[in-house]
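Please look through the report below, which goes with the sequence and the 3D view.

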Amino acid sequence: MDDLDTLRAKYLASVASASDEASLEDVRLAALGKKGEISLKMRDLGQMEPAQRQVAGAMLNVLKDEIDAALRAKKTALGDAALNERLRAEWLDVTLPSRGRRVGTIHPVSQVMDELTAIFADMGFAVAEGPQVESDWYNFDALNIPPEHPARQEHDTFFMNRAPGDDRPPHVLRTHTSPVQIRAMTEQGAPIRVIAPGRVYRMDMDQTHTPMFHQVEGLAIDRDISMANLKWTLEEFCRAFFEVQSVELRFRASHFPFTEPSAEVDIRCSWEGGQLKIGQGDKWMEILGSGMVHPKVLAAAGVDPTQWQGFAFGMGIDRIAMLKYGIPDLRAFFESDLRWLRHYGFAALDIPDLARGLSS
Ligand code: DAH
């Protein structure tokens with residue numbers, strides 16, 4: 001039975017050197033498959049004498065079992081090795097910091113509100129709020145805009161419907177954030193230092209106007225607050241907000257019913273090659289209205305104008321967002337186009353703070 005020993009040696013060697021499950025299967029087929037070498041020898045047993053067959057059959061069975069066992073053992077070993085290799089290759093260091101992933105996008109208006117809140121908070125201003133559906137009185141009367149005043153028409157006001165027969169004065173969608181001055185002073189009295197960012201509404205729609213837009217109101221009342229404090233505050237704000245070394249502001253005499261004197265404020269800028277630069281240059285851009293709070297406004301809010309005085313200002317948030325981040329079209333702000341948001345938006349959880357840099 002020399003050839004059985006040869007077969008044994010040959011197949012045990014093949015099993016040992018099989019490097020993966022596919023080549024191991026080839027070995028199995030060559031030995032034990034239907035047309036395998038050992039299977040064919042089994043078939044030959046039929047032509048043998050019974051005595052011879054008994055001996056040869058037993059030996060072949062032993063060989064077959066031996067090779068079968070070797071095949072199984074190797075298969076298990078190859079499987080273990082494959083698993084180990086996979087575990088090695090897919091190993092994951094769970095202690096590594098996570099990779100930054102964008103979870104939604106912060107709208108430029110929200111970003112700018114966070115930025116200006118951080119800047120004014122640093123100067124001691126708290127955030128005040130008021131309703132967007134506002135009474136006639138807070139939106140106009142208390143701000144020294146009586147019913148027949150032409151400023152009422154200029155505001156293109158949205159009026160809320162009243163039920164038929166209900167002839168109380170109508171509520172309006174607030175046309176500016178100035179009514180929050182009245183609410184804040186009525187609640188808190190003087191001294192007071194607040195800003196009030198929020199939505200405002202006017203019936204106006206073109207390239208530079210949308211029926212809803214955003215303003216931030218500022219109010220500082222104390223014993224001796226003056227226009228000089230207003231100028232310093234606004235310069236300080238603009239430097240921090242536009243993230244430039246210096247800015248130049250220009251105060252132009254103006255008129256608002258709720259301030260006396262009143263000023264509109266322009267910031268120096270330049271347009272070079274279609275690029276807007278803030279802070280220096282040969283052009284001026286209007287950014288806000290301001291003034292010393294009118295004594296009648298203080299009185300309407302229960303603050304004694306013989307004891308207290310101060311400044312107020314109102315600034316368009318969308319406008320300064322466009323200026324700072326080079327966004328060309330106001331209307332796109334409110335179209336909820338995801339492509340626009342991904343382009344102009346800011347990473348969530350990256351909340352502006354003065355120490356780290358506002359927009360970094
Ligand atoms: N409320 C004004 C507007 O919407 C802006 C404004 C001007 C606010 C002067 C003020 C101010 O507080 O002092 O046009």
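The sections below cover the domains, the cores, the cysteines, the ligand and one arginine.

## Basis of the values

This is a predicted model, in which local features need pLDDT of at least 70 and side-chain atom pairs count only at pLDDT 80 or more, while totals for chains, interfaces and linings use all residues. Residues are numbered from 1 along each chain as its sequence is written, and side-chain values use heavy atoms, with hydrogens and water left out.

## Domains

The protein is assigned domain 1 (2-89) and domain 2 (105-347); such bounds come from an automatic or database domain assignment. Taken over C-alpha atoms, the centres of domain 1 and domain 2 are 88 Å apart.

## Nonpolar cores

A nonpolar core is a set of buried Ala, Val, Leu, Ile, Met, Phe, Trp, Tyr and Cys residues joined through side-chain atoms within 4.5 Å. Buried means under 20% relative accessible area, exposed over 50%, and partly exposed in between (1.4 Å probe, protein chains only). The largest core has 46 residues, and L116, F237 and I267 have the most contacts inside it. Helix 5 (residues 108-122) gives the largest share of this core, seven residues; helices (H or I, at least four residues) and strands (E, at least two) are DSSP runs, numbered from the N terminus. A second, separate core has 24 residues, including V180, M185, L298 and A312.

Leaving out residues up to four places away in sequence, I267 touches C238, W284 and I287, among others. Contact here means heavy atoms within 4.5 Å.

## Cysteines

A disulfide is a pair of cysteine sulfur atoms within 2.5 Å, and the whole structure has zero disulfides. C238 is buried at 1% relative accessible area, and C269 is buried at 0%.

## Ligand surroundings

The ligand is surrounded by 15 residues, and the closest are H176, S178, R202, Q215 and E217; a residue counts if one of its heavy atoms lies within 4 Å. A side-chain N or O atom of S178 is 3.0 Å from a nitrogen atom of the ligand. For R202, a side-chain N or O atom is 2.8 Å from a ligand oxygen.

## R152

R152 is found in helix 7 (residues 150-154) and is buried, with a relative accessible area of 13%. Among the residues that R152 touches are D136, F140 and T157.

How values were computed:
Polar contact = N/O pair within 3.5 Å; in protein donor to acceptor, adjacent residues only side chain to side chain.
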